[in-house]
Amino acid sequence: MKYTEGEARTSVRSSASGVTGICVGKALRAYPFTDMAPTAVINDNLGGQALLAIFDLDSRTAIPYSRIVEGQELTFYQVEAEGDLPVEFMDVETRSRWDMLGYAVSGPFGGVRLEQLPAYNSMWF
């Protein structure tokens with residue numbers, strides 16, 4: 001799913017849907033849970049910020065992070081969870097494994113935490 005920046009617009013959904021709203025500078029974007037549900041990991045760019053949106057369907061939890069770690073832009077993909085949290089992912093560049101809370105649990109970035117970006121979970125009608 002590709003999300004693009006653009007002018008603010010109004011849309012109407014047939015029913016209420018959960019969304020995560022993210023603001024980077026003056027750039028705004030809403031990520032509907034229904035669009036996020038097919039994948040737990042979304043790599044995106046917003047307002048010049050490389051971001052990662054993590055989504056867990058069961059808990060309806062979405063958490064955005066910066067994809068920049070120690071000056072390097074990373075790209076992530078979902079892997080089968082081995083720990084206590086429902087979503088785990090790995091970066092392509094170093095193959096470090098990360099948990100849903102943004103901690104690298106193994107690999108070269110082991111012990112590093114991703115920078116969480118401000119977001120707001122709400123309902124979209």
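Biologist: Which residue of strand 5 stands opposite Ala53?

Modeller: In this predicted model, Ala53 faces Pro64 of strand 5. Strand 5 covers residues 61-66.

Biologist: What makes strand 4 and strand 5 count as a pair?

Modeller: Two strands pair if there are at least two bridges between them. Strand 4 and strand 5 are joined by 6 bridges, so they count as a pair. They run antiparallel.

Biologist: And how many residues lie between them in the hairpin?

Modeller: The hairpin of strand 4 and strand 5 has 4 residues between the strands. Look at Arg60 in that turn: its phi is positive, about 55 degrees.

Biologist: How do you know that strand 3 and strand 4 pair?

Modeller: Strand 3 and strand 4 have 6 bridges and run antiparallel, so they pass. Leu46 stands opposite Gln49 of strand 4. Their hairpin has 2 residues between the strands, and Gly47 takes a positive phi near 55 degrees there.

Biologist: Which residues cover the two faces of strand 4?

Modeller: On one side you find Gln49, Leu51, Ala53 and Phe55, and on the other Ala50, Leu52, Ile54 and Asp56, all of them buried. For the chain as a whole, 42% of the 125 residues count as buried.

Biologist: OK, on to charges. How many salt bridges does the structure hold?

Modeller: The structure holds 4. Take Arg29 and Asp44, whose closest N and O atoms are 2.7 Å apart.

Biologist: Why is the contact of Arg29 with Asp44 called a salt bridge?

Modeller: The cut-off is 4 Å between a side-chain nitrogen of Lys or Arg and a carboxyl oxygen of Asp or Glu. Arg29 lies in strand 2 (residues 27-32) and Asp44 in strand 3 (residues 41-46), so the pair ties together parts that are 15 residues apart in sequence. Arg29 and Asp44 are buried too.

Biologist: What about Glu82: why is it called exposed?

Modeller: Exposed means over 50%. Glu82 reaches 62%, so it counts as exposed. Glu82 sits in the loop between strand 8 and strand 9.

Biologist: Which residues is Glu82 in contact with, leaving aside its neighbours within four places in sequence?

Modeller: Those are Glu88 and Arg97. Glu82, Glu88 and Arg97 are also linked in a network of salt bridges.

Biologist: How do you know that Arg97 forms a salt bridge with Glu82?

Modeller: The closest N and O atoms of Arg97 and Glu82 are 3.5 Å apart, and the limit is 4 Å, so the pair qualifies. Arg97 belongs to strand 10 (residues 97-99) and Glu82 to the loop between strand 8 (76-79) and strand 9 (88-91), so parts 15 residues apart in sequence are tied together. Arg97 has a relative accessible area of 12%, so it is buried.

Biologist: Which residue in strand 11 does Arg97 stand opposite?

Modeller: Ser106. Strand 10 and strand 11 pair in the antiparallel sense over 2 bridges.

Biologist: And what makes strand 8 and strand 11 edge strands?

Modeller: The open sheet has 4 strands in the order 8-9-10-11, with antiparallel pairing. Strand 8 and strand 11 (104-106) each pair on one side only. Neighbouring strands in this sheet are turned by 40 degrees against each other on average, direction ignored.

Biologist: How many helices and strands are in the chain?

Modeller: The chain has 1 helix and 12 strands.

Biologist: Last one: what pLDDT does the chain average?

Modeller: The average is 85, and 86% of the residues score at least 70. Over residues 1-14, though, the pLDDT is below 50. Where pLDDT is low, the predicted coordinates should not be read in detail.

Methods. Residues are numbered from 1 along each chain as its sequence is written. This is a predicted model: local features need pLDDT of at least 70, side-chain atom pairs count only at pLDDT 80 or more; totals for chains, interfaces and linings use all residues. Side-chain values use heavy atoms; hydrogens and water are left out. Buried means under 20% relative accessible area, exposed over 50%, partly exposed in between (1.4 Å probe, protein chains only). pLDDT is the predictor's confidence in each residue, from 0 to 100. Contact means heavy atoms within 4.5 Å. Axes are lines fitted to C-alpha atoms, for helices over the stretch in contact, and angles run from 0 to 180 degrees between N-to-C directions.
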